[in-house]
Amino acid sequence: MITHIHNTDAEAACALIERILQVTNERPAGQTVNIALSGGSTPALMFRIWAEQYDAQTPWDRIRLFWVDERCVPPTDEESNYGMTRDNLLNKIDIPKENVVRIKGENTPEDEARRYETEVRSMVPEEEGFPQFDIVLLGAGDDGHTSSIFPGQEHLLTTDKAYAVGTHPKTGQQRIALTGMPIIHARRLIFLLTGKGKAQVLADIIDQNDAGPAAYVGHHALHTVEVFTDKAAAE
């Protein structure tokens with residue numbers, strides 16, 4: 001595991017974008033890089049910086065965007081992860097429409113989990129029977145959840161389904177979630193964790209224990225794991 005500590009959340013976001021560009025540019029010409037994105041306020045900052053500062057140097061025609069998870073709401077809902085990405089990044093860049101593969105949160109949850117898994121499997125190469133994204137970008141909640149896999153729903157870490165339905169333990173909101181096995185098979189698993197509220201989960205991930213879903217996937221990942229964070233979380 002490689003940990004990158006930066007002074008601010010914006011600096012951590014810039015460093016992560018530069019890593020994504022490095023990974024993309026190192027791939028042979030013509031090869032598409034498959035990236036699974038997460039939602040939340042921390043990626044929102046990263047997406048704005050990406051659009052404003054790195055758009056011109058990003059080969060969008062070689063990047064295909066998927067989602068780690070999505071709340072079961074329409075894309076126009078303020079809680080939609082796709083909607084957040086659209087507003088902060090997609091509407092500001094020139095990425096081919098076919099390179100944006102969203103989870104349709106407005107559909108019936110179980111049906112959409114199956115549909116999206118089928119779509120992902122048709123586009124993303126597999127390793128040991130699971131889709132292998134080039135990059136899976138994860139955040140984590142203060143409770144240690146990641147990809148809408150919450151404490152108490154650890155069966156989603158080991159299921160043979162690539163996408164499944166998770167449930168927020170307090171609100172009962174259903175979400176479509178990338179499960180543990182494709183996460184740990186990613187070519188590069190990257191956490192973006194900033195702010196004091198992420199201090200404990202960051203410690204758990206770095207300690208490589210199984211204290212929660214985020215720490216579990218970081219501990220069991222089969223390939224490269226990187227953490228981009230700021231001093232507020234690292235202290």
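Keep in mind that the model is predicted. Helix 2 (41-53) ties the topics together: helix 2 gives the most to the lining of the largest pocket, and its axis comes within 8 Å of that of helix 3 (residues 81-88) and within 9 Å of that of helix 1 (residues 9-26).

**The largest pocket**

- You're looking at a volume of about 470 Å³ for the largest pocket.
- Its lining takes in 26 residues, and G39, G40, A140, G141 and H145 are the ones that lie nearest the centre.
- Helix 2 is the top contributor here, with 3 residues.
- Sorted by class, the lining comes out as 14 polar, 7 nonpolar and 5 charged residues.

**Helix 2 against helix 3**

- The two axes come within 8 Å and cross at roughly 30 degrees.
- Angles under 35 degrees count as roughly parallel, so helix 2 runs roughly parallel to helix 3.
- As for handedness, the crossing of helix 2 and helix 3 is right-handed.
- On the helix 2 side, P43, A44, F47, R48 and A51 make the contact, while helix 3 brings M84, T85 and N88.

**Helix 2 against helix 1**

- Here the axes come within 9 Å, with a crossing angle of roughly 65 degrees.
- Helix 1 also passes helix 2 in a right-handed crossing.
- Helix 1 puts in D9, A10, A13, C14, L16, I17 and I20, which meet L45, M46, I49, W50 and Q53 from helix 2.
- By class, you get 10 nonpolar residues in this contact, plus 1 polar and 1 charged.

Technical notes:
Residues are numbered from 1 along each chain as its sequence is written. This is a predicted model: local features need pLDDT of at least 70, side-chain atom pairs count only at pLDDT 80 or more; totals for chains, interfaces and linings use all residues. Side-chain values use heavy atoms; hydrogens and water are left out. On a 1 Å grid over the protein atoms alone, a cavity is a set of points where a 1.4 Å probe fits but cannot get out, and a pocket is an open set with protein on both sides within 12 Å along at least five of seven lines; lining residues have an atom within 4 Å of a point. Grid points are joined across faces, edges and corners, and a volume is the space filled by probe spheres set on the points. Helices (H or I, at least four residues) and strands (E, at least two) are DSSP runs, numbered from the N terminus. Ala, Val, Leu, Ile, Met, Phe, Trp, Tyr, Cys and Pro count as nonpolar, Asp, Glu, Lys and Arg as charged, and the others, Gly among them, as polar. Axes are lines fitted to C-alpha atoms, for helices over the stretch in contact, and angles run from 0 to 180 degrees between N-to-C directions. Angles under 35 degrees count as roughly parallel, over 145 as roughly antiparallel, 65 to 115 as roughly perpendicular and the rest as oblique. A crossing is left-handed if the near helix is turned anticlockwise from the far one by less than a right angle, and right-handed if clockwise. Contact means heavy atoms within 4.5 Å.
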